[in-house]
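Dear colleague,

I am handing over the structure below, together with some notes on what was found in it. Please read the notes with the coordinates open beside you.

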Amino acid sequence: MAQTGEEIKDTPARNQDDRHTEVKRSRLESCLDQPAESSIYEVIKYGPSPLPAKHYDPDTTEPTSCGLHTMEELLSWRRSEASPFNVASVPLAPREPSLGSCLRRTLVSHDMMGGYLDDRFVQGTNAETPFAFYHWCYIDIFNYFTHQLVSIPPAVWTNAAHKHGVIVLGTFITEWTDGATKCEAFLKDEESYRSVADKLVQISQCYGFEGWLINIENPLSEAAVKNAPLFLQYLTEQMHERVPSSVVLWYDSVIQNGDLKWQNELNDSNRMFFDSCDGFFTNYNWTEQSLESMKEYSGVQGRQADVYVGVDVFARGEVVGGMLDTNKALDLIRKHNFSAAIFAPGWVYESLDDKTEFRQKQDKFWALLLDYLYVHRPASPLPFASSFCQGFGKALYWRGQKEKTSSWFNLSAQDLQPLYSQMDLEGGGWLKSSGCPEEAWSGGCSLLLDGRVPADLSAPVCARIFSLHVPLDSRILVALIYKASPGISISLQLNTTDVHHFTQNGQQDAKTISLTPEALDNGHHLMKHFLKTDGWSFRCSELELHGSILREVCVLIQRDGEPGDVPFSCRLGKIMVVDVVSLEAPPPAVQGVCVEDLVWLRGSGTSPHPSPLLNATLRWEYSSELVHHFKVHWRRLRGPDPRVPPGQLELVGRAHANRFRVTELAVPEPPSLLELVVEPVLLMDVPVPEELWGRRQLSYTEAAAQ
């Protein structure tokens, strides 16, 4: 019998393995009930990691993301066996306009070199030249695509997308003869296709992404093709019921008689699938005639935004545009008022011989498309803050100082991204904004504003940095941290609108009010909250605004001195807009630090007694709305030699969720006592007193000789 709606929740049979798992979990979670000053006692036992290799690197126990290869893996999937590290830690941010009210949407399908590359490392990795995406404000949907049966988006992608209000889709794909066999099995009857759909819903619910691209690229029998729309309809209904903002899309492949025959358009041959889900992703070999035909097709009327016209950036086959001519394809798609699906924009990276040129080519590619993309605005309430980090860099910075001196990659570390642009000014002036890894305030890069103020321009050059939709109804502090070249002055401009006027008249008719607030002097009591660093300038302003919406944050560049052409460079380190009351409120304490899943490995080296390597999961409780990241530290409290005093805190790494996997940490020989410490780092850059950090002690000894 097919599962009912109530049965869709994962309810595996209780067997001996399940009971063992529950006993183990209960034992490990018991540390939550211990006093904070108590220590966990551990007897070191060396051996291979017992953690599941599909979720943890077998050599280092580093948490990793993965997909599912077989139907057996999918149907046996259980929430209790899912990776807690691959659960998205960032909820989907609100945005304006909403996805449903966008008439011409943009989807990006990330198909790159088989998938699960550097992005599979949940806590990041030391990649020298990684691929990243950071033009989030121009897209609406992100799809993680591989040729595995079930592509589960790595948490780093979901976190980055969600910060910008972009929904995330996984992929369910069948291909070739093996795919046909799978389809005949799961589409043979209602019970079978509902079982597959229920698992897809459970996976999406568990890992925190919004839906699926369904791609059946193999022929179907008469029975299977009859059930395919029913499978789609059931999956879509269940996703809508159980996953907010969910979307299910069908890829243009099989037609109504079961033949694998790409149509490159929506028509009577494939409409049955479109009618059963949220949207249709066309194949790539369309022509303008295809678009004209679709525009007049009765089956698309009222749902034109749900047709995503595919664009293969690799330009394989007979296609319009692709590569650096992708804009030509978007020009035609928008001309006929359809949504666009940009497939494999990783071409920008894969086509480079010198990967160090990635940022420049990425920016060039997306700059060519900007005329055909539409900005959506993050609409989360205050605090708003961004250090412009793109999720990778040559070094890792904190408050203008290097915290780590080697290259790194972690998309969960990506901050809210600005508007990247380049424009010409009258009189020979120009302005360009780009990410720059050479120096940063926090994270891996700053936003570099380069340009020239022309001699005949008396007004400031206005650089639009963020488009937002943030309600303001309080006393706020606006802060800018920057470095500027000589000969210019820097200030902030906030563009706001009245919330009632916007609600009544909509965006087009809303009147914009531009505010250029005066800077506070260094002696102002609000300035005491910020720790300054040599070489960086701080400009803070206080305003009281009620019933307003912050729509844009701009930086004004003004020439100092006599008229004349002035080339300039301004490095933006951070922009913040925070509520003064929350800024002055005491931060909460980290609570419930728990240590679990300990694995002991032997260190390498020539010593007859190499240091033991600690591997363990820390988790804790803290309000995610306030925090930017956590720093995880450790220190030695007591070792085998009582004459050696306790050690200083040493940084282990950064966490971007309320859990962190400590891996290959060389610790003193047993018997010893060490302390693991969790420091919250707030969005507002306000230091958290050390007494509010979370702590857990770990005491360990060697196993007795047999």
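Strands, like helices, are DSSP runs numbered from the N terminus, a strand being a run of E of at least two residues. In those terms, Pro-97 lies in the loop between β2 (95-96) and β3 (106-111), and the peptide bond that joins Glu-96 to Pro-97 is cis, with an omega of about 0°.

Please bear in mind that this is a predicted model. The protein chain has an average pLDDT of 92, and 93% of the residues score at least 70. Over residues 1-32, however, the pLDDT is below 50, although this stretch has 47 contacts in the model beyond near neighbours in sequence.

Backbone geometry

Positive phi values are found in Ala-315, where phi is near 60°, and in Asp-685, where phi is near 70°. Ala-315 lies in the loop between β10 (307-312) and α9, and with a relative accessibility of 24% Ala-315 counts as partly exposed. Asp-685, which sits in the loop between β32 and β33 (694-702), has a relative accessible area of 4% and is therefore buried, the cut-off for that class being under 20%.

Helices α8 and α9

How do the axes of α8 and α9 cross, and at roughly what angle? Helix α8 (residues 288-296) and helix α9 (residues 326-335) have axes that come within 10 Å of each other and cross at roughly 20°. Because angles under 35 degrees count as roughly parallel, α8 and α9 are roughly parallel to each other. Their crossing is right-handed. On the α8 side the contact is made by Glu-288, Leu-291 and Lys-295, which meet Leu-332, Ile-333 and Lys-335 of α9. By class, the residues of this contact between α8 and α9 divide into three nonpolar and three charged, with no polar ones.

Helix α3 (residues 155-163) is mostly covered, with eight of its nine residues buried. The buried residues are Ala-155, Val-156, Trp-157, Thr-158, Asn-159, Ala-160, Ala-161 and His-162. Among the elements that cover the buried residues of α3 are β3, β4 (141-145) and β6 (167-175). After α3 comes Gly-165, with a positive phi near 75°.

Two further residues

Is Lys-182, at 14% relative accessibility, buried or partly exposed? Lys-182 lies in helix α4 (residues 176-186) and counts as buried, because its 14% relative accessibility falls under the 20% cut-off. Leaving aside residues up to four places away in sequence, Lys-182 touches His-69, Met-71, Leu-149 and Thr-174.

Asp-354, in turn, is found in the loop between α10 (347-350) and α11 (358-367), where Asp-354 is partly exposed, with a relative accessible area of 34%. The C-alpha atoms of Asp-354 and Thr-129 are separated by 9.4 Å, while the two residues are 225 residues apart along the chain.

With best regards

Notes:
Residues are numbered from 1 along each chain as its sequence is written. This is a predicted model: local features need pLDDT of at least 70, side-chain atom pairs count only at pLDDT 80 or more; totals for chains, interfaces and linings use all residues. Side-chain values use heavy atoms; hydrogens and water are left out. Axes are lines fitted to C-alpha atoms, for helices over the stretch in contact, and angles run from 0 to 180 degrees between N-to-C directions. Helices (H or I, at least four residues) and strands (E, at least two) are DSSP runs, numbered from the N terminus. Angles under 35 degrees count as roughly parallel, over 145 as roughly antiparallel, 65 to 115 as roughly perpendicular and the rest as oblique. A crossing is left-handed if the near helix is turned anticlockwise from the far one by less than a right angle, and right-handed if clockwise. Contact means heavy atoms within 4.5 Å. Ala, Val, Leu, Ile, Met, Phe, Trp, Tyr, Cys and Pro count as nonpolar, Asp, Glu, Lys and Arg as charged, and the others, Gly among them, as polar. Buried means under 20% relative accessible area, exposed over 50%, partly exposed in between (1.4 Å probe, protein chains only). pLDDT is the predictor's confidence in each residue, from 0 to 100.
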